[in-house]
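Trainee: I would like to learn how to read the features of a model like this one. Where should we begin?

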Amino acid sequence: RAFRRTVYGAPQWRAHRSGKRYFASLWTAWRSGVLRGLQLELLVVGLVAGLVTYLDWAGLVTLAIPALPLTLTGTAMGLLLGFRTNQAYDRWWEARK
């Protein structure tokens, strides 16, 4: 098969665990199909973020975000994730029995 997983021995595992592989992954990330598919969206978001940052830095626009919506949505998301995690753990525990 073309996409068979590599079986690691001790030397291959040491090379795989090295910190240098992260730099290799960064250089090859630009050939990723996901990044190529999201190229336009990433460019637009980056340009808008850069424009907003420049306008705030230059003092042309004063940006202010009220804390209440962020607080309420953060609390709701925390509770939701807590309940979902607990539910998933209960299902896992029942399957383990």
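Mentor: Begin with helix length: the expected span of a helix is 1.5 Å times one less than its number of residues. Helices (H or I, at least four residues) and strands (E, at least two) are DSSP runs, numbered from the N terminus. This is a predicted model, in which local features need pLDDT of at least 70, side-chain atom pairs count only at pLDDT 80 or more, and totals for chains, interfaces and linings use all residues. Residues are numbered from 1 along each chain as its sequence is written, and side-chain values use heavy atoms, with hydrogens and water left out.

Trainee: What span should α4 have at 1.5 Å a residue, and how far apart are its end C-alpha atoms?

Mentor: The 20 residues of α4 should span 28 Å, and its end C-alpha atoms are 28 Å apart, so the two values agree. Helix α4 covers residues 39–58 and includes L43. Just after α4, G59 has a positive phi of about 80 degrees.

Trainee: How many helices and strands does the protein chain have?

Mentor: There are five helices and zero strands, giving the order α-α-α-α-α from the N terminus on. A10 belongs to helix α1 (residues 10–17), while W93 is in helix α5 (residues 67–96). T85 also lies in α5.

Trainee: How does the radius of gyration of the protein chain compare with that of a compact globule of 97 residues?

Mentor: The radius is taken over C-alpha atoms, and the globule rule is 2.2 Å times the number of residues to the power 0.38. A compact globule of 97 residues would come out near 13 Å, but this chain has 23 Å. Its C-alpha trace spans about 60 × 45 × 25 Å along the principal axes. For T85 and Y54 the values are 40 Å and 31 residues, and for W93 and R31 they are 41 Å and 62 residues.

Trainee: What percentage of the 97 residues is buried?

Mentor: Buried means under 20% relative accessible area, exposed over 50%, and partly exposed in between (1.4 Å probe, protein chains only). Buried residues make up 0% of the chain. T85 counts as exposed because its relative accessibility is 54%, whereas A10, at 47%, is partly exposed. Accessible areas come from the Shrake-Rupley method with a 1.4 Å probe, and for residues only the protein chains shown count as cover. The chain exposes about 9600 Å², of which carbon and sulfur atoms supply 67%.

Trainee: Which residues form a nonpolar patch on the surface?

Mentor: Patches are made of residues with over 30% relative accessible area and no salt bridge; like charges are joined within 9 Å, nonpolar side chains (Val, Leu, Ile, Met, Phe, Trp, Tyr) within 5 Å. Here L40, L43, V44, L47, V48, V52, Y54, W57, L60, V61 and L63 form one, with about 1100 Å² of accessible area together.

Trainee: Which side chains meet in a salt bridge?

Mentor: A salt bridge is a side-chain nitrogen of Lys or Arg within 4 Å of a carboxyl oxygen of Asp or Glu. A search of the whole structure gives one. K97 and E94 meet at 3.4 Å, N to O, and both are exposed.

Trainee: How many aromatic pairs does a search of the whole structure find?

Mentor: Rings of Phe, Tyr and Trp (its six-membered ring) pair if their centres lie within 6.5 Å; planes under 30 degrees apart count as stacked, over 60 as edge-to-face and the rest as tilted. The search finds four aromatic pairs. One of them is W92 with W93, tilted, at 6.0 Å centre to centre and 55 degrees between the planes. W92 is partly exposed at 47% relative accessible area, as is W93 at 35%. Y89, W92 and W93 form one aromatic cluster.
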